[in-house]
Amino acid sequence: MSIQLSRPGVDPGRGGASGGVPRAKASPLSGFLYRSPRARLAGLLTAPAGWLVLVYIAALATLLITALWSVDTFTGKVSQVWTLDNIQQALFDPVYQGIALRTLWIAVLVTVIDAVVAIPLAFFIAKVASARWQKLLLAAVLMPLWASYLVKAYAWRNVLAEGGLLEWLGAPLGLHSPGYSETAVILTLAYIWLPYMILPIHAGFEKVPGNLLEASGDLGAKPWTTVRLVVLPLLVPSIIAGTIFTFSLTLGDYITAQIVGGKTQMLGTVVYSNVGAANNLPFASAVSLIPIAIIMIYLLVVRRTGALDEL
């Protein structure tokens, strides 16, 4: 025989106002979102899409509009008079054409150097080193990222200086430091952006099955043949991911050129000087459109190859 205890006036078998656990009432909005998956998706994407439009697309539109203005030669103030003079000067003036080609050349060379150095390093970390050494080597790759950009750039300034570490090491071989020059800019940027190339390539090597390399060796392929015909085709998306970082970051850089470049001019330094000393915002906006257009063309070409579909 069991005895059921209950409070007076409360029916234990029923809820709601008469007692028990009250039932939650759904709001009209939640019911609408439950019935409409598209509305839920739109609600999730509205905030980030709005932020993207506000910060990125609106900023690019403002940049383009500013490039179509001019500067009053008497007052030095921006005149909101529409003109194509800034864009024509940035594109067709031989001086700025040379600076644009130099910037593109430096970006390509930095990307190639980083790829050549990163591929064997990433392969050793992912496929040769033991599990313990993999962690230590990855920490060593990430360690430069903990230091400030300026610290690394000024460290290379000391290395490349006359009588610096590089000249001291090359003296027995009759080698000299390149000094503060275009070569110094390439070496410094290649060092600074190298981790951004190693990490995606290392992730790509992690996805390559080890038995695939063993099968290639069992079928008689030499190591270089295995790398060229088996490994590299699988690494193309990872290599492209790394090149996007190094290429785009170099195109927009201006600090390294000022620290170790000497008289070397890049597009970033032209933008910086026109924003600061020259106070010519319209022309700075016109010049800044050049690296943006270059990286957009590069991304379009890469996308047409289908490499981005595998990332």
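Once neighbours within four places in sequence are set aside, F123 is in contact (heavy atoms within 4.5 Å) with V128, F205 and L213. F123 lies in helix α4, where helices (H or I, at least four residues) and strands (E, at least two) are DSSP runs numbered from the N terminus. Its relative accessibility is 30%, so F123 counts as partly exposed; on this scale buried means under 20% relative accessible area, exposed over 50%, and partly exposed in between, with a 1.4 Å probe and protein chains only.

Before going on, a word on what you are looking at. This is a predicted model, in which local features need pLDDT of at least 70 and side-chain atom pairs count only at pLDDT 80 or more, while totals for chains, interfaces and linings use all residues. Residues are numbered from 1 along each chain as its sequence is written, and side-chain values use heavy atoms, with hydrogens and water left out.

**The chain as a whole**

The protein chain has 13 helices and two strands. Of its 311 residues, 32% are buried. Among contacts between residues at least 6 apart in sequence, 66% join residues at least 24 apart. The accessible surface comes to about 20000 Å², and carbon and sulfur atoms hold 68% of that; these areas come from the Shrake-Rupley method with a 1.4 Å probe, and for residues only the protein chains shown count as cover.

**How the helices pack**

Two packed helices are described by the angle between their axes and the distance between the axes. Axes here are lines fitted to C-alpha atoms, for helices over the stretch in contact, and angles run from 0 to 180 degrees between N-to-C directions.

| Helix pair | Angle | Axis distance |
|---|---|---|
| α3 (residues 85-92) and α4 (residues 94-128) | about 60° | 5 Å |
| α4 and α10 (residues 223-251) | roughly 140° | within 9 Å |
| α6 (residues 149-160) and α8 (residues 182-206) | roughly 140° | within 10 Å |

Take α4 and α10, whose axes cross at roughly 140°. That angle makes α4 oblique to α10, given that angles under 35 degrees count as roughly parallel, over 145 as roughly antiparallel, 65 to 115 as roughly perpendicular and the rest as oblique. On the α4 side the contact is made by T103, L104, I106, A107, V108, V110, T111, D114 and I119, and on the α10 side by L232, I239, T243, T246, F247, T250 and L251. By class, this contact has 10 nonpolar, five polar and one charged residues. In that count Ala, Val, Leu, Ile, Met, Phe, Trp, Tyr, Cys and Pro are nonpolar, Asp, Glu, Lys and Arg are charged, and the others, Gly among them, are polar.

For α3 and α4, the angle is about 60°, and the two helices are therefore oblique to each other. Q89, A90, L91 and F92 of α3 meet P94, Y96 and Q97 of α4. These residues divide into five nonpolar, two polar and no charged.

The axes of α6 and α8 cross at roughly 140°, which makes α6 oblique to α8. Their crossing is right-handed. From α6, the residues Y149, K152, A153, W156 and L160 meet A184, L187, T188, L189, Y191, I192 and W193 of α8, a contact with 10 nonpolar, one polar and one charged residues.

**A few residues up close**

With a relative accessible area of 28%, S248 is partly exposed.

V236 is also placed in α10, and its relative accessible area of 37% makes V236 partly exposed. The C-alpha atoms of V236 and I201 are separated by 8.9 Å.

S288, found in helix α13 (residues 281-305), is buried at 14% relative accessibility. Leaving aside neighbours within four places, S288 is in contact with L63 and V271.

Notes: Left-handed = near helix turned anticlockwise from the far one by under 90°.
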